Amino acid sequence: MSNTTWLDTGDNAWQLTAGSLVALQSIPGLVVLYAGIVKRKWAINSAFMAFYAFAAVLICWVVWAYKMAFGEQWGAAPFIGTPGPIISMNDELKQTLLPTSGITANFPMSTMVYFQFVFAAITLVLIAGAFLGRMNFTAWMVFVPLWLTFSYTVGAFSLWGGGFLASRGVIDYSGGYVIHVSAGTAGFVGAAWIGPRLQKDREDFQPNNVLLTLVGAGILWTGWNGFNGGDPYAASADAGAAVLNTNIATAMSLLVWTALDIIYFKKPAVIGAVQGMITGLVAITPAAGVVAGWGAIIIGLLSGSIPWVSMNIIGKRVWLFQYVDDTLGVYHTHTVAGIVGGMMVGVFATTEGSAAFGLTNPGGAIDGNWKQVWLQLVGWLFIVGLNIFMTSVIMAFIKYVLRIPLRMSEEQLLIGDDAVHGEDAYAFGDVRRSILHGDTGRVPISGDGEIGIIQGMAQDNGDQENDESRIKTESERSEANP
């Protein structure tokens with residue numbers, strides 16, 4: 001038996017638990033949140049985009065991407081690690097070591113690889129939120145491994161793996177930059193490349209199941225205890241502080257968002273509360289273990305208000321946000337909230353919290369270290385620039401080199417899940433098969449014979465507008481807005 005004197009079973013147990021909590025955020029958390037928050041005709045496709053990404057990222061991660069994010073630096077540029085597999089038994093059983101940064105942990109490498117995988121996976125799942133309701137599924141299947149390889153790994157290595165941002169002292173406790181600013185920026189840029197949903201879907205995209213959305217949101221919130229609580233790589237005092245601060249900021253953000261909804265819209269919206277919850281979770285992520293509880297309250301106050309203004313005021317008035325169809329507003333909830341949290345690290349990081357996390361940074365501006373504000377600014381500018389460039393290159397490659405359409409066909413956009421996957425989210429009894437499968441021997445949906453069937457397959461909650469003129473109109477509109 002190999003020497004495992006380094007193994008701390010408590011740290012290993014907590015790290016595996018934290019990783020499992022983060023996995024639950026994606027499956028089932030965001031899977032069911034997406035399924036509930038979209039129109040009925042997109043429930044299957046939206047959930048499946050998340051489900052596919054989780055699986056695809058894992059295989060890429062262990063075969064080459066983990067070492068790109070956390071391995072030995074590749075060449076002279078401190079941006080990326082050397083790609084390679086990490087799936088031998090020796091790899092899985094040896095002690096965790098991040099070679100470029102020199103960080104070790106008292107659990108096996110297999111635990112670290114899995115823990116970092118669930119962070120990579122949820123980043124792609126979050127990006128999907130900007131593409132829902134129109135991205136060609138084949139293009140999504142190609143986009144996931146390419147973006148993971150050429151964008152995520154660069155950000156992760158630069159900030160977490162010992163790259164140039166980490167060596168200069170930029171703080172990203174648990175992924176405010178690496179995950180959320182990346183996802184929001186890539187989602188927004190990718191949405192511009194793909195093009196918009198049908199105009200009718202943009203104008204009327206009410207959730208088909210608000211209660212299911214709340215189930216997903218609840219899993220997301222609870223799972224965030226592992227998201228932020230696992231990043232000290234130990235069952236430490238700082239892990240407890242990170243968990244508490246995460247929940248403080250999230251609760252504050254939700255309350256502020258709801259209050260603003262009441263003041264501005266005269267109604268407390270459940271979906272608004274979910275958005276406020278998400279922005280709170282995002283904003284506290286880069287700061288969770290290095291700020292005090294009062295700092296978490298201030299971050300929650302800002303994350304409940306600044307992204308609210310960004311989404312509900314600026315997003316509805318500025319041309320760019322009207323032109324780019326970011327389905328779930330991922331830019332507002334993740335890029336804006338991630339920048340808010342990342343910059344507040346520069347202000348509210350404490351010397352004690354930084355030391356507890358194993359950093360040498362002398363806190364933030366409140367402790368006299370104003371340089372930290374500048375460092376945090378440099379960090380988010382790098383991540384935003386990286387993702388604008390790399391996401392555009394990847395989308396162009398898929399569209400122009402691989403010749404894979406980024407957007408679904410007009411017929412698929414009109415019909416939804418049944419046309420794309422041959423499945424219906426809520427067909428529990430006699431499954432309604434799409435007329436696209438040639439099934440003409442079933443009960444008409446609307447009672448008007450086969451014409452009723454054709455109309456019914458195109459409708460979403462009673463919409464009867466599937467005719468040749470509508471297809472022509474939508475085709476002309478999509479050509480006018482590529």
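Author: Helices (H or I, at least four residues) and strands (E, at least two) are DSSP runs, numbered from the N terminus. The model is predicted; local features need pLDDT of at least 70, side-chain atom pairs count only at pLDDT 80 or more, and totals for chains, interfaces and linings use all residues. Residues are numbered from 1 along each chain as its sequence is written, and side-chain values use heavy atoms, with hydrogens and water left out.

Reader: At what angle do H2 and H4 pack?

Author: Axes are lines fitted to C-alpha atoms, for helices over the stretch in contact, and angles run from 0 to 180 degrees between N-to-C directions. Helix H2 (residues 43-70) and helix H4 (residues 109-131) pack at about 130 degrees, and their axes are 8 Å apart. H2 and H4 are therefore oblique to each other; angles under 35 degrees count as roughly parallel, over 145 as roughly antiparallel, 65 to 115 as roughly perpendicular and the rest as oblique.

Reader: Which residues of H2 and H4 make the contact?

Author: Contact means heavy atoms within 4.5 Å. The residues of H2 include Met49, Phe54 and Trp61, and those of H4 include Met112, Phe117 and Leu124. By class, the contact of H2 with H4 has 21 nonpolar residues, one polar and no charged. Here Ala, Val, Leu, Ile, Met, Phe, Trp, Tyr, Cys and Pro count as nonpolar, Asp, Glu, Lys and Arg as charged, and the others, Gly among them, as polar.

Reader: Is the crossing of H2 and H5 left-handed or right-handed?

Author: A crossing is left-handed if the near helix is turned anticlockwise from the far one by less than a right angle, and right-handed if clockwise. The crossing of H2 and H5 is right-handed. H2 packs with helix H5 (residues 137-159) at about 40 degrees, with axes 9 Å apart.

Reader: Where is the kink in H2 centred?

Author: The bend at a residue is the angle between axes fitted to the seven residues ending there and the seven starting there. In H2 the kink is about 75 degrees and is centred on Trp61. The end C-alpha atoms of this 28-residue helix are only 35 Å apart, short of the 40 Å that a straight helix would reach at 1.5 Å a residue; the expected span is 1.5 Å times one less than the number of residues. H12 bends by about 30 degrees at Ser310, yet helix H12 (residues 293-317) reaches 35 Å, close to the 36 Å expected.

Reader: Which residues does the cis peptide bond join, and what is the phi of Tyr233?

Author: Most residues other than glycine have a negative phi, and most peptide bonds are trans. In this model a cis peptide bond joins Ile27 and Pro28, with omega about 15 degrees; Pro28 is found in helix H1 (residues 9-37). Tyr233, although not a glycine, has a positive phi of about 60 degrees. Tyr233 is in the loop between helix H9 (210-229) and helix H10 (237-265).
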